[in-house]
Amino acid sequence: MSWQTVLGFEIHIELSTNSKMFCGCPANHFNTPPNSQVCPVCLGLPGALPVPNAKAIEWCIKLGLALGCKINLQSKFDRKNYFYPDLPKGYQISQYDQPLCVEGNLLGHKIRRVHMEEDTGKLLHQGSETLIDFNRSGVPLVEVVTEADFNDSNDSDNFLKELQQIIRALGISSCDMEKGSMRLEANISVSPDESFPNYKVEIKNVNSFRFVKKAVDFEVSRQIKLLETGQTPIQETRGFKETTGETFSQRVKEEAHDYRYFPEPDIPPFEFTQAQIEKWRSELPILPSQKRLQLVELGLSENYARIISADPEMYDVFMKNPTKQTADLLINKREARVVSNIPEEKIREVVSKVISANIAIVESIKAGKTQAIGALIGQIKKELGDIDIPLTQKIISEIMKL
Amino acid sequence: MNLDLSISELAKKYRSGVVTPEDVLNECLENIEKNNPKLNIFITLRDRQELLAEARNVKFETLLSGIPYVLKDAYVTKDIRTTSASNVLNNYIPDYDATVVKKLRDAGAILIGKTNMDAWGHGGSSENTDFGPVKNPWDVSRVAGGSSGGAAVAVSARMAMFAIGEDTGGSIRNPAGWCGISGLKVTYGRVSRYGAIAYASSLDSVGPMAKNVEDLSLILELIAGQDKLDATSSPTEVPVYSKNLNLDLKNIKIGIPLEPDQAIKDALVKLKELGAEIMEVSLPMLKYAVPTYYLLAPSETSSNLGRYDGIRFGQDRSNFTQESMRRIIIGTYALSAGYYDAYYKKAQQARTKIIEDYNTAFEKCDVIVMPVAPTVATKLGELISDPVKNMLADLYMVTTNIAGIPSLAIPCGFEEGVPVGFQIQGPMFSEELLFKIGHQYQQVTDWHKAKPNI
């Protein structure tokens, strides 16, 4: 039986505006002392009112434009009501039925919507106590929702990396998964045919592209195994354990939340003109896909174009003198990122010495524990200082006949 | 008594040196000492020595400099307890000032204290409070009206020169009418709501309460205007209302949507004598106003009060009163999936119709005159024990909040020995016109000068 993966994503991106979404507090909360960047608005104190950050709205729309979305000329904020201690107002200001951007497309995948909302505070569990840090409360957050049209984790990996590059090209977010400025939720289910499955598993809190790929792969095979034995996977939220590469159950959804959305009365609805949108469109930087196309047109291979376009610095250097020679030089330089003056012969000499002095490590590498090569390289570095690592790896492989 | 003077008269005396802010403050404090135990107006009174020190240091920079006032306890005040008349906030001391408080302080007005009200604005009698009901100074067996009851009584019983109330569905006009003072529900967006504890955000309005229309105009010109902290505040220019109160009513058309009772009839006779033309207009949606209001306001309040969980400040949710819980539950229900279309959404559609009604009416007339309330001040216990009657008391007032338009409530006589008032409602940002009409009326009548014998 051939199984059909149904895979889609909700991606949250924290914008790097100077101030928060609805107040004047600084938006950059990374490594700040707890509750040092708060005010009546982002603490949800009685009487405080939200005033929207125009820059954040502009950036959200620019992202929408970069993703080929239609922009809703009439848009508004809504309240999403739910209780949680990190949500000081008892509701999140978000967008419900009139998101800023809809119906986009990236690498052939459909984007359902791109909307603007605010981040919550952070809960810190210490022993039996839970502390709340509101520095993150009210930080501008863009949510990108895709359709569930991904076939597999390779597909989604390319998409997510491309999205990250676009956001970085726009300069609107560090879009860093480890720091939480890019957060993913994958919705996964598997169907025996073209029909839509009657369940959905949500995977949350995965903080690198590599782990997202692993989590998706693991989850798809887990669900297939269940389906093959006639079981239906339960609808739930699952986390990902980095040490084992497995997903685990976090929360089983008993029923759908009723967020009681209604239009945010504290913020008047927006009306944009087409001229305003076109002005923003004209301000978009060259996007990664356009750069790639441009580089291919300049005679580079797809591979070279991909590498050079992904690195703004390399791209700028190349564009100053767009020749095959420049590209070769840049790619070679990249592969020997640490420029080494040590002659290859000298490296060969030290590699041989280190290999013969570390029989145990060599045996384990031969037995398949390839990451132990790192230990050899460490010893070689001790002897020689900065070395050309790819070259050294090549030499090790040759000498060990791997 | 200096407290019987208008603000501009008192300001003149300050400047000529015959009266000082300290004198007036002492008069206020004497009246408070004498009558507050009977009337139950104050939730928090500022320290006497602190007040007197402030009064001694007044610089006469605006007409409100050195003028003592009271604030409905719905506004946050830095370092002064703010309760919204609910035990949920009985120990809450805010860290910042509402914009209206800041503006009045900048103008030199002296805040005496924070007044009793229906908790969270939930009520029309100032009985839904955890600090005991407010009594009517004209008849202490009756209620003061609400929700800004304490504020109205403080002005009526001469404990302050003016008050800042808050009107979501009549909360300034109803107690003004029942206590015989003047009150203004402003156009939505005219005065910043920043720091006003929200009842229903799309309906809430911040407005002045005083003895006469001229005073109201003076206060409004100092508190109105756009505020960068309130996205719904309007950039519409603020006229110098008090300099512009004279008007020949000859070209003014007054629309009457309801069969007027005797007090209103008398008022209309006066307005006609002043030259106004009286005509019938219709507001067919009026009958849907109360149901519309009692879906929109509870829906918004169910969301606005979600933050009062007792985790970061205040007490827990068990401290909400029956009436507040009723509104929270109605609102939660109206916004729930499956009921939203039938209730909240329907009410929003009715809201649009009510706005259209007014727009149509204002094509024919300049302003609309209506009673403030369907009855005189009720007996204590009468409204709080009957939730439906309590809602119907708002009948003539809620449409203006739904439509966002301004309405001026002024006294126009007595029934059963207690005051009654009428409203002058106008199009968006027509405060200037309402003041002119109200002021001309008060030039030929004395109802606004009557004060309770207490």
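A charge sits over a ring if NZ of Lys or CZ of Arg is within 6 Å of the ring centre and within 35 degrees of the ring normal. Hi everyone, let's start there. What we have on screen is a predicted model, and in it the charged end of A:K241 sits over the ring of A:F248, 5.5 Å from the ring's centre. There is also an arginine to look at: A:R79 lies over the face of A:Y91, at 4.0 Å from the ring centre.

Now, rings with rings. How many aromatic pairs does a search of the whole structure find? Over all chains, the search gives 28. Take A:Y259 and A:Y261: their planes are at 70° and their centres 6.0 Å apart, so this pair is edge-to-face. A:Y259 is partly exposed, with a relative accessible area of 23%, while A:Y261 counts as buried at 18%. Another edge-to-face pair is A:F272 with A:W280, with ring centres 6.1 Å apart and planes at 65°. Both A:F272 and A:W280 are buried. These two also belong to a cluster linked by ring pairs, together with A:F22, A:F77 and A:F270.

Let's step back to the whole chain.

One last stop, please: A:Q164, in helix α2 of chain A, which covers residues 153-170. Is A:Q164 buried or exposed? A:Q164 has a relative accessible area of 12%, so this residue is buried. Leaving out residues up to four places away in sequence, A:Q164 touches A:C175, A:M182 and A:F209.

Notes. Residues numbered from 1 in each chain as written. Chains lettered and ligands numbered in written order. Predicted model: local features only at pLDDT ≥ 70, side-chain atom pairs only at ≥ 80, totals over all residues. Heavy atoms only, no water. Helix = DSSP H or I, 4+ residues; strand = E, 2+ residues; numbered from the N terminus. Buried < 20%, exposed > 50% of the residue type's maximum accessible area, 1.4 Å probe, protein only. Contact = heavy atoms within 4.5 Å. Phe/Tyr/Trp six-rings, centres within 6.5 Å; stacked < 30°, edge-to-face > 60°.
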